[in-house]
Amino acid sequence: MKIEIESPRLIRRRSRINGWGVFACEPINKNARIVTYDGELIDHEEADARAHRYLERGEIWCFTVNRRWVRDANRGGNIGRFLNHSCKPNCYVQVVKRDIWIRAARNINAGEELTYDYNVDGDEIIACRCRPGCTTRL
């Protein structure tokens with residue numbers, strides 16, 4: 001039996017960080033499950049090929065689930081794919097089996113943009129835009 005979790009209301013709109021972002025429509029309590037990061041479940045070989053194409057466009061869509069699987073949110077993704085990276089995020093990630101949950105790292109106010117640390121390992125070719133002067137590369 002699958003347990004339904006009531007998620008907070010979210011909205012996608014233009015972000016000051018980068019492109020589109022996801023914003024809370026209502027306050028979110030610390031540790032609350034906010035949204036899953038959905039997408040096509042693929043193996044690492046396919047993910048590497050796709051990620052290379054995405055990086056050429058300055059995009060990151062592939063999220064490692066475990067040693068076998070990766071989620072590609074560019075195919076079958078939901079609003080969770082629009083959360084931006086931040087070096088000082090207000091959310092964190094929890095992987096449960098093959099599900100990737102975005103959770104609140106602290107209490108989040110209505111109107112705040114939701115962010116998490118992408119923790120990427122790779123070419124580090126995309127400049128982080130989480131705040132002016134950030135020197136991190138993704």
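How many bridges join strand S1 (residues 10–14) to S2, and in which sense do they run? The count is 5 bridges, and the two strands run antiparallel. This is a predicted model.

- Strand S2 spans residues 20–24 and is mostly covered. Of its 5 residues, 4 are buried.
- S1 and S2 form a hairpin with 5 residues between the strands. In this hairpin, Gly-19 takes a positive phi near 55°.
- S2 also pairs with strand S10 (residues 113–116). That pairing is antiparallel and runs over 2 bridges.
- Val-22 of this pairing stands opposite Leu-114 in S10.
- As a general point, strands of a sheet pair through backbone hydrogen bonds, either parallel or antiparallel.

**Open sheet S4-S6-S5**

- An open sheet is formed by 3 strands in the order S4-S6-S5, with antiparallel pairing.
- Strand S4 (40–43) and strand S5 (62–64) stand at the edges. Each has a single partner strand, so one side of each is left without a neighbour in the sheet.
- Neighbouring strands here are turned by 35° against each other on average, direction ignored.
- S5 is joined to strand S6 (residues 69–72) by 3 bridges, and the two run antiparallel.
- Phe-63 has Arg-71 in S6 as its bridge partner.

**Open sheet S3-S9-S8**

- Another open sheet has 3 strands in the order S3-S9-S8, and its pairing is antiparallel.
- Strand S3 (33–36) and strand S8 (91–96) are the edge strands, each pairing on one side only.
- On average, neighbouring strands of this sheet are turned by 30° against each other, direction ignored.
- S8 and strand S9 (residues 99–104) run antiparallel and are joined by 6 bridges.
- Val-95 stands opposite Ile-100 in S9.

**Cysteines**

- How many disulfides are there? The count comes to 0 disulfides, with a cut-off of 2.5 Å between cysteine sulfur atoms.
- Cys-25 is in no disulfide. The nearest cysteine sulfur is that of Cys-91, 14 Å away.
- Is Cys-25 buried, partly exposed or exposed? Cys-25 has 30% relative accessibility, so it counts as partly exposed.
- Cys-134 counts as buried because its relative accessibility is 14%.

**Second largest pocket**

- The second largest pocket has a volume of about 360 Å³.
- This pocket is lined by 19 residues. The closest to its centre are Asn-18, Gly-58, Ile-60, Asn-84 and Tyr-118.
- How do the residues of the lining divide into nonpolar, polar and charged? The lining of the second largest pocket has 11 nonpolar, 5 polar and 3 charged residues.

Methods:
Residues are numbered from 1 along each chain as its sequence is written. This is a predicted model: local features need pLDDT of at least 70, side-chain atom pairs count only at pLDDT 80 or more; totals for chains, interfaces and linings use all residues. Side-chain values use heavy atoms; hydrogens and water are left out. On a 1 Å grid over the protein atoms alone, a cavity is a set of points where a 1.4 Å probe fits but cannot get out, and a pocket is an open set with protein on both sides within 12 Å along at least five of seven lines; lining residues have an atom within 4 Å of a point. Grid points are joined across faces, edges and corners, and a volume is the space filled by probe spheres set on the points. Ala, Val, Leu, Ile, Met, Phe, Trp, Tyr, Cys and Pro count as nonpolar, Asp, Glu, Lys and Arg as charged, and the others, Gly among them, as polar. Buried means under 20% relative accessible area, exposed over 50%, partly exposed in between (1.4 Å probe, protein chains only). Two strands pair if DSSP finds at least two bridges between them. Axes are lines fitted to C-alpha atoms, for helices over the stretch in contact, and angles run from 0 to 180 degrees between N-to-C directions.
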